[in-house]
Amino acid sequence: MATSLKNLSAFDKDTIPNGADFSIGIVVSEWNGHITSKLLEGAMETLLNAGVNQSNIHVKQVPGAFELPLGAQWLAQNEQIDGVIAIGVVIQGETRHFDFVCSGTTQGIVDVTLKYNKPVGFCLLTDNTEQQSIDRAGGKHGNKGVEAAVTVLRMIELKREL
């Protein structure tokens, strides 16, 4: 597997924009909270290291991954918020529920991004096992919360340049 031995969250800090005047919304699923909390930590640390003022980071909880698009939409509607990060974890079970939740959540996040013309960082882990999710939430494969934060910072900067 291409990612089996890689930490995918490494980035060059010199390429991250200064976020001192950025305002970021973060919507986090409570489901699989022991994993989403680690993803949130990674996103928060990255934003703070990039200079985003803690008072300009707005964290909101939603019950599960399927509610992430609506939570992201409510944050994106706020004109003061420049970008949003959506954090959730869906782990494959024995039914097709996994497929419906992943599909609906992904499309919903894309819809919010395009409707509000704001970046929404996609931090929805869709793994086959809990261990795979743990490995991507500060484990051997890095932290997808970090990656989502970096993406949102870069996209906000790009929008301001255009």
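Student: How many bridges join β1 to β3?

Tutor: Some background comes before the count. This is a predicted model, in which local features need pLDDT of at least 70, side-chain atom pairs count only at pLDDT 80 or more, and totals for chains, interfaces and linings use all residues. Residues are numbered from 1 along each chain as its sequence is written, and side-chain values use heavy atoms, with hydrogens and water left out.

Tutor: Strands of a sheet pair through backbone hydrogen bonds, either parallel or antiparallel. Two strands count as paired if DSSP finds at least two bridges between them. Here 5 bridges join β1 to β3, and the two run parallel. Strands (E, at least two residues) and helices (H or I, at least four) are DSSP runs, numbered from the N terminus.

Student: What is the strand order of the open sheet?

Tutor: The order is β2-β1-β3-β4, with parallel pairing. β2 (57–62) and β4 are the edge strands, each pairing on one side only.

Student: Which residue in β3 does Ile-26 stand opposite?

Tutor: Ile-26 faces Ile-85 there.

Student: Is Ser-133 buried or exposed?

Tutor: Buried means under 20% relative accessible area, exposed over 50%, and partly exposed in between (1.4 Å probe, protein chains only). Ser-133 has a relative accessible area of 0%, so Ser-133 is buried. Its place is in helix α4 (residues 130–135).

Student: Which residues is Ser-133 in contact with?

Tutor: Contact means heavy atoms within 4.5 Å. Leaving aside neighbours within four places in sequence, Ser-133 contacts Ile-35, Val-89, Ile-91, Leu-125 and Asp-127.
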